[in-house]
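Please read them beside the model.

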Amino acid sequence: MKKHILDLTISSVERLSERHVLLKLTHADALPEMLPGQFVEVRVDGSSSTFLRRPISINFVDHENNEMWLLVAMVGDGTRKLGELKPGDLLNCVLPLGNGFTSHLSPLASHPLLVGGGVGVAPLLYLGAELQRQGVEPTFLLGGRTKTDLLELELFKKFGRVCVTTEDGSLGEKGFVTNHSVLNETFDQIFTCGPTPMMKAVARYANEKAIGCEASLENLMACGLGACLCCVEKTTEGNLCVCKEGPVFNIKRLLWQS
């Protein structure tokens, strides 16, 4: 897909928690095509310690309002600067980057399970919306340490069934996502994004049940184009740049189970 460098206008800023902000961005022209699982590299202005662009998953694309959403976890100076943006501000973005989930390819799953943890739930919202558009109702399994870590639950409910776990039991079933009772049901495809230990546990479950599984990796990325080699992942095909060959991989290509 063609890559674009655009100055996008902040149309809305929503504080979802103390550490999370939802940025909605638009442009005078129609936004380029973007697939679930792809990401953008944003330039952070006004930070003396942030020199590289920051990779952020595409949370949602609102075609009706010509908006792209970015769910930002404010964990460092750069992302905190992004959290200070206001409506009307410009954000320079390189997009779309990487390869997304293959939900749009045949054969289409009829009972997909989308598993996310923390801010890793971000790309699953757009994926769920696209599955629903294709006539498939996904099941979301979302986890966090506590209920304050669970983001956009009401939005997820618009696109499918939502199941929740929290480690402290403050919402949903207590434990990790791999402890949830919904895993006793039958699914024919799994898509996951979140902390690596969580995704590895989901991958083990998928392998045990012989279910196809794709994982969106969150390796440290700098250039987003496969030039700097800082996001390399060991795979069955050798070392691959996550930003260029991923971030979404079929788990059979990964060496997680070896």
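1. Two strands count as paired if DSSP finds at least two bridges between them. Helices (H or I, at least four residues) and strands (E, at least two) are DSSP runs, numbered from the N terminus. In β15, Val 248 is the bridge partner of Ser 216. β15 pairs with strand β12 (residues 212-216) in the antiparallel sense, over three bridges.

2. This is a predicted model: local features need pLDDT of at least 70, side-chain atom pairs count only at pLDDT 80 or more, and totals for chains, interfaces and linings use all residues. Residues are numbered from 1 along each chain as its sequence is written, and side-chain values use heavy atoms, with hydrogens and water left out.

3. The open sheet has seven strands, ordered β10-β9-β8-β7-β11-β12-β15, with mixed pairing. β10 (173-174) and β15 (248-250) are at the edges; each has a single partner strand, so one side of each lacks a neighbour in the sheet.

4. Helix α2 (residues 122-133) packs on the sheet. It touches β7 (112-117), β8 (139-144) and β11 (189-193), contact being heavy atoms within 4.5 Å. Its direction makes about 165° with that of β7. Axes are lines fitted to C-alpha atoms, for helices over the stretch in contact; angles run from 0 to 180 degrees between N-to-C directions. Helix α4 (residues 196-209) lies across β7, β11 and β12, at about 170° to β11.
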